[in-house]
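Welcome, and please open your viewer so that we can walk through this protein together. At each stop, select the residues as they are named and then read on.

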Amino acid sequence: MINKITLSILTTAITASTFAHAIQPEFSAHHCKAAETNAQHYRNFPSALIEAQARHEKIANIQSARKYSAQAKQGHVDSLDSTDTSFVMGISATPSYVVPVVFHVYGTVHNGDTVNDAVIIDALYKTNEDFQGQTADYSDIDSEFQNVKDHLNIEFRLAGIDPNGNPTTGIVYHSESSGAGNYSSSDVKNDHWDNYKYMNVYIQNDLYADGVTNNSGVAWYPDSGMSDDGLARVAYNGAYLGTNTDENFRSVLTHEFGHFMDLIHTFEGRCKRGAAKRCSQTGDEVCDTPQQNSWQMNPGDGGILNCLGQTINWQNFMAYSDQYANFTQDQVDRMINGLNSSARASLWSASNLSATGVAN
Ligand SMILES: [Zn+2]
């Protein structure tokens with residue numbers, strides 16, 4: 001999207017309030033740096049890549065369990081091997097997860113917008129609606145994806161008990177700072193709450209401490225090494241949080257939470273004719289999201305047909321969309337797999353929900 005020079009021209013030409021609307025359809029190629037950030041992480045920590053590969057080997061079993069359920073409903077199940085059975089037993093048809101969240105907020109004015117409790121509560125509510133498929137857009141999806149769209153019955157709740165056992169709002173304010181999007185951020189390291197008990201979200205305006213304040217967010221996929229070191233996170237720009245941005249761009253927080261649960265951009269790897277057969281290993285490693293020619297594909301901008309002539313799921317939360325609306329079945333499987341990983345499974349355990357004050 002938009003580089004610094006373009007940005008400065010734009011900001012002088014239009015007011016801050018109209019600016020946010022002006023840039024929405026033109027997503028930045030760098031508006032979310034999850035792909036390059038996680039690729040770098042795997043180069044630096046080969047053990048993290050090995051952990052991810054082991055995690056992903058399980059997904060085929062989850063998907064065969066889903067297929068088994070569908071076949072069983074239709075009354076024609078042939079056979080099931082022992083690997084499948086464990087997942088049929090382990091994965092509920094209506095999974096329900098609660099995840100305790102702490103927001104660390106650095107400075108309360110981001111690009112002129114205020115970050116306060118109300119904005120955060122609203123943003124989290126919207127993200128829960130997105131995940132649960134409760135938005136108006138969820139029913140307004142291209143016909144090609146009506147049978148593929150899916151939602152995850154998950155709720156992110158602000159923590160009610162802090163690591164010392166004291167009551168908390170789940171929102172902690174700090175003085176202004178920057179760089180929470182950088183791997184070894186001292187703010188992240190110093191201020192984190194136990195990554196195995198809390199999902200940590202860091203709200204800063206300048207995510208990479210490079211003077212750029214229009215990067216929306218970044219997140220890392222599940223990795224126990226990062227959780228051990230207190231570095232697991234979503235880092236997000238307060239200027240794009242909840243009511244500080246427009247109705248569609250609010251869902252970019254949902255997009256980052258998707259990364260946190262192991263989802264990759266739907267445009268990763270672009271569109272290659274031979275890759276469709278290896279869809280579980282290439283691109284976003286998900287088979288029911290058609291490949292995209294580029295990140296810039298929307299009905300009014302770049303079109304929605306890929307290099308194979310397929311309609312893409314341009315409304316997917318893991319794309320850069322003008323109308324965020326849905327996840328797919330395979331993405332939900334992948335998130336469930338991510339939630340069951342060693343880096344995430346403790347978050348939603350019953351004992352942890354009590355310990356962090358978010359149990360029903
Ligand atoms: Zn992203």
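This is a predicted model: local features need pLDDT of at least 70, side-chain atom pairs count only at pLDDT 80 or more; totals for chains, interfaces and linings use all residues.

**Stop 1**

Select Ala 209, which you will find in the loop between strand 7 and strand 8 (217-219). This residue is not a glycine, yet its phi is positive, at about 55°. Its relative accessibility is 46%, so Ala 209 counts as partly exposed.

Now select Glu 285, in the loop between helix 11 and strand 10. Glu 285 is not a glycine either, and its phi is positive at about 60°. With 25% relative accessibility, Glu 285 counts as partly exposed.

**Stop 1**

**Stop 1: aromatic rings**

Colour the aromatic residues next. The whole structure holds 12 aromatic pairs. For one of them, select Tyr 97 and Trp 348: their rings are edge-to-face, 4.7 Å centre to centre, with 90° between the planes. The two come from distant parts of the chain, with Tyr 97 in strand 1 (residues 97-106) and Trp 348 in the loop between helix 12 (329-339) and helix 13 (350-355), 251 residues apart. Tyr 97 is buried, with a relative accessible area of 7%, whereas Trp 348 counts as partly exposed at 23%.

Compare that with Tyr 240 and Phe 249, whose rings form a tilted pair, 4.9 Å centre to centre and 45° between the planes. Tyr 240 and Phe 249 are both buried.

Then select Phe 131, Phe 156, Phe 257, Phe 317, Tyr 324 and Phe 327 together, a cluster linked by ring pairs.

The charged end of Lys 33 sits over the ring of Tyr 208, 4.4 Å from the ring centre. Likewise, the charged end of Lys 149 sits over the ring of Tyr 138, at 4.3 Å from its centre.

**Stop 2: the nonpolar cores**

In soluble globular proteins, nonpolar side chains tend to be buried together. Which residues touch the most other members of the largest nonpolar core? Among its 44 residues, they are Leu 152 and Phe 156. Elements that each supply at least two residues of this core include strand 1, helix 7 (117-131), strand 5 (154-158), helix 11 and helix 12.

Zoom in on Phe 156. Setting aside residues up to four places away in sequence, Phe 156 touches Val 99, Val 101, Leu 124, Thr 127, Asn 128, Phe 131, Met 199, Phe 257 and Met 261. There is also a second, separate core of 11 residues, with Tyr 106, Val 188, Val 218 and Met 226 among them.

**Stop 3: two buried loop residues**

Select Gln 132, in the loop between helix 7 and helix 8 (136-139). Gln 132 is buried, with a relative accessible area of 17%. Apart from residues up to four places away in sequence, Gln 132 touches His 151, Leu 152, Asn 153, Ile 154 and Glu 155.

Finish at Ser 341, in the loop between helix 12 and helix 13. At 8% relative accessibility, Ser 341 counts as buried. Leaving aside neighbours within four places in sequence, Ser 341 is in contact with Arg 55 and Pro 222.

Technical notes
Residues are numbered from 1 along each chain as its sequence is written. Side-chain values use heavy atoms; hydrogens and water are left out. Rings of Phe, Tyr and Trp (its six-membered ring) pair if their centres lie within 6.5 Å; planes under 30 degrees apart count as stacked, over 60 as edge-to-face and the rest as tilted. Helices (H or I, at least four residues) and strands (E, at least two) are DSSP runs, numbered from the N terminus. Buried means under 20% relative accessible area, exposed over 50%, partly exposed in between (1.4 Å probe, protein chains only). A charge sits over a ring if NZ of Lys or CZ of Arg is within 6 Å of the ring centre and within 35 degrees of the ring normal. A nonpolar core is a set of buried Ala, Val, Leu, Ile, Met, Phe, Trp, Tyr and Cys residues joined through side-chain atoms within 4.5 Å. Contact means heavy atoms within 4.5 Å.
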